[in-house]
Amino acid sequence: MIKTVNYMKKYNRVMLGQGSKYAKMCRENGYIGANFDINEDLSDSLYDNWRDFNSKYIPIWMENMPEKSKTSAGLACGFLWTIIKGLQIGDIILSPSGEGFYYVGTITSDYYYVPNTELPHRRNIKWNDNVIQRKDMSKELKNSTGSIGTCCDITRYASEIEMIINNNTEIYL
């Protein structure tokens with residue numbers, strides 16, 4: 001007997017560098033990524049549970065960032081796990097441009113590592129041609145997408161996001 005798992009598509013806001021400084025580069029090159037000062041291929045550490053990932057990588061992150069707290073380490077490793085494993089192929093990504101709008105894309109690949117780059121921990125993305133203007137969002141969605149942190153689950157606003165994407169026929173680039 002074959003079991004089928006129904007996966008509900010997730011929506012996530014992903015920051016691409018501090019102040020979105022890598023957003024345009026990522027859009028032009030078709031990926032999202034993260035760094036977090038963990039300079040190794042994580043392909044053998046794609047644990048299904050973020051807690052397992054954190055228990056392995058918090059000590060490594062803290063060794064690389066000794067001035068930071070264990071709480072910061074936990075958050076950093078959790079965000080990294082979300083990007084490399086927590087999000088699935090087909091999930092929707094909104095990434096702030098740094099210019100008042102969001103790039104929108106769909107994850108199209110599993111995790112891969114590109115050493116010696118700004119964002120070595122990557123997933124391929126098929127970016128939409130059009131974008132979401134921040135002014136077109138509800139107050140609640142604006143608040144959620146403006147939260148602190150690299151990643152933010154905004155799946156609860158899926159209907160609104162889809163409505164904006166599907167009604168947005170103008171390209172704002």
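Author: Start with one definition: contact means heavy atoms within 4.5 Å. This is a predicted model, in which local features need pLDDT of at least 70, side-chain atom pairs count only at pLDDT 80 or more, and totals for chains, interfaces and linings use all residues. Residues are numbered from 1 along each chain as its sequence is written, and side-chain values use heavy atoms, with hydrogens and water left out.

Reader: Which elements do the buried residues of α3 pack against?

Author: Two more terms come in here. Helices (H or I, at least four residues) and strands (E, at least two) are DSSP runs, numbered from the N terminus. Buried means under 20% relative accessible area, exposed means over 50%, and partly exposed lies in between (1.4 Å probe, protein chains only). Now the case. The buried residues of α3 pack against β1 (11-14), β2 (31-34), α2 (50-64), β6 and β7 (151-153).

Reader: How many of the 17 residues of helix α3 are buried?

Author: Helix α3 covers residues 70-86, and twelve of its 17 residues are buried, so the helix is largely enclosed by the rest of the structure. Among them are Cys77, Phe79, Leu80 and Trp81. An α-helix has 3.6 residues a turn, so residues three or four places apart point the same way.

Reader: How do I read a pair of aromatic rings?

Author: Such a pair is described by the distance of the centres and the angle of the planes. Rings of Phe, Tyr and Trp (its six-membered ring) pair if their centres lie within 6.5 Å; planes under 30 degrees apart count as stacked, over 60 as edge-to-face and the rest as tilted. This structure holds three aromatic pairs. In one of them, the rings of Phe101 and Tyr103 have centres 5.5 Å apart and planes at 85 degrees, so the pair is edge-to-face.

Reader: Are Phe101 and Tyr103 buried or exposed?

Author: Phe101 is buried, with a relative accessible area of 9%. Tyr103 is buried too, at 6%. Tyr103 also forms an edge-to-face pair with Trp127, at 6.1 Å centre to centre and 65 degrees between the planes. That pair links distant parts of the chain: Tyr103 is in strand β4 (residues 101-107), Trp127 is in strand β6 (residues 121-133), and they are 24 residues apart. Ring pairs link Phe101, Tyr103 and Trp127 into a cluster.

Reader: Which residue lies over the face of Tyr31?

Author: First, the rule. A charge sits over a ring if NZ of Lys or CZ of Arg is within 6 Å of the ring centre and within 35 degrees of the ring normal. Here Arg122 lies over the face of Tyr31, at 3.9 Å from the ring centre.

Reader: How is empty space found?

Author: Rolling a probe the size of a water molecule over the atoms shows where empty space is left. On a 1 Å grid over the protein atoms alone, a pocket is an open set of points with protein on both sides within 12 Å along at least five of seven lines, for a 1.4 Å probe; lining residues have an atom within 4 Å of a point. Grid points are joined across faces, edges and corners, and a volume is the space filled by probe spheres set on the points.

Reader: What lines the largest pocket?

Author: The largest pocket holds about 830 Å³ of space. It is lined by 35 residues, of which Met15, Gly17, Gln18, Phe36 and Thr150 lie nearest its centre. Helix α3 gives the most to this lining, with four residues.

Reader: What is the volume of the second largest pocket?

Author: The second largest pocket has a volume of about 150 Å³. Its lining includes Lys10, Trp81, Lys85 and Asp153. Here too, α3 gives the largest share, four residues.

Reader: Lys10 is in that lining. Where does Lys10 lie?

Author: Lys10 lies in the segment before β1. Lys10 is partly exposed, with a relative accessible area of 29%. Leaving aside neighbours within four places in sequence, Lys10 is in contact with Gly86, Asp91, Ile92 and Thr155.

Reader: What should I know about phi?

Author: Most residues other than glycine have a negative phi. Phe36 has a positive phi of about 60 degrees, although it is not a glycine. Phe36 lies in the loop between β2 and α2. Asn116 also has a positive phi, near 60 degrees. Asn116 lies in the loop between β5 (112-113) and β6. At 83% relative accessibility, Asn116 counts as exposed.
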